[in-house]
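Dear colleague,

Please find below the structure that I am handing over to you, with its sequence. My notes on what was found follow directly after it.

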Amino acid sequence: MKNVIYIIVYVFSILWIVMGTSLVIYTDRTRKFFGQFARREYYPLWSVIAILLGALLIIGSFFSERILWLALILGIISCAKGVYLLKGPYEKVESIINWWYETASDETIRFTGLTILLLGIFLLAYLL
């Protein structure tokens, strides 16, 4: 079980590195690509993905004492995000999604991409 969790956390850390790099380098293209999945019918899918990712990070954090706090905190944040997307007030969720895909500045998107990239690198470094 421990090896399976490590592989899953490796995959997620590499996906975060790819996603962060894509947001930094190809900001408009990445924003447009993910913008097509920003419709209301996709909110349950995104929330389930966030909750599953959070649960895997929380479970994975207990298998390694080196990444316990990083993975645990990221898992809790991811689960909270998923629950908010699923159960939060529709107007608030819609305004956040619209802000992100329509009005957020390129600097904000790039900074978020850099943050995602660094979190993926930190997670991968702790695993190695």
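Asparagine 3 counts as exposed, at 59% relative accessibility; here exposed means over 50% relative accessible area, buried under 20%, and partly exposed in between, with a 1.4 Å probe and protein chains only. Asparagine 3 has its place in helix α1. Helices are DSSP runs (H or I, at least four residues) and strands are DSSP runs too (E, at least two), numbered from the N terminus. Between the C-alpha atoms of asparagine 3 and glycine 60 there are 9.8 Å, although 57 residues separate the two along the chain.

Please note that this is a predicted model, in which local features need pLDDT of at least 70 and side-chain atom pairs count only at pLDDT 80 or more, while totals for chains, interfaces and linings use all residues. Residues are numbered from 1 along each chain as its sequence is written, and side-chain values use heavy atoms, with hydrogens and water left out.

From glycine 35 to glycine 60 the distance in space is 30 Å, C-alpha to C-alpha, for a separation of 25 residues in sequence. Tyrosine 42 sits in the loop between α2 and α3 and is partly exposed, with a relative accessible area of 24%. The C-alpha atoms of tyrosine 42 and leucine 114 are separated by 25 Å, and the two residues are 72 apart along the chain.

The largest nonpolar core has ten residues: Ile5, Tyr6, Val9, Trp16, Leu53, Leu57, Ala71, Leu74, Leu123 and Leu127. Such a core is a set of buried Ala, Val, Leu, Ile, Met, Phe, Trp, Tyr and Cys residues joined through side-chain atoms within 4.5 Å. At least two residues of this core come from each of α1 (2-25), α3 (43-61), α4 (68-87) and α6 (106-127). Helix α1 gives the largest share, four residues. Another core, of five residues, lies apart from it and includes Ala38, Tyr43, Val93 and Ile97.

Serine 78 is buried, its relative accessible area being 9%. A polar atom of its side chain lies 2.6 Å from the backbone oxygen of alanine 50.

The largest pocket holds about 1,300 Å³ of space. On a 1 Å grid over the protein atoms alone, a pocket is an open set of points where a 1.4 Å probe fits, with protein on both sides within 12 Å along at least five of seven lines, and lining residues have an atom within 4 Å of a point. Grid points are joined across faces, edges and corners, and the volume is the space filled by probe spheres set on the points. Of the 33 lining residues, Trp16, Met19, Trp46, Lys81 and Ile116 are the closest to the pocket's centre. The lining draws at least two residues from each of α1, α2 (27-35), α3, α4, α5 (90-103) and α6. It comprises 27 nonpolar, four polar and two charged residues, where Ala, Val, Leu, Ile, Met, Phe, Trp, Tyr, Cys and Pro count as nonpolar, Asp, Glu, Lys and Arg as charged, and the others, Gly among them, as polar.

Finally, the charged pairs. Side chains of opposite charge can pair when their charged atoms come close. How many salt bridges does a search of the whole structure find? There are two, a salt bridge being a side-chain nitrogen of Lys or Arg within 4 Å of a carboxyl oxygen of Asp or Glu. In one of them, aspartate 106 pairs with arginine 31, with 4.0 Å between the closest N and O atoms. This pair links distant parts of the chain, 75 residues apart, with aspartate 106 in helix α6 and arginine 31 in helix α2. Aspartate 106 is partly exposed at 26% relative accessible area, whereas arginine 31 is buried at 13%. Arginine 39 and glutamate 41 also meet in a salt bridge through their side chains, at 2.7 Å from N to O. Here arginine 39 is partly exposed, with a relative accessible area of 42%, and glutamate 41 is exposed, at 51% relative accessibility.

With kind regards

Notes:
A polar contact is a pair of N or O atoms within 3.5 Å; within protein, one must be able to donate a hydrogen and the other to accept it, and residues adjacent in sequence count only if both atoms are side-chain atoms.
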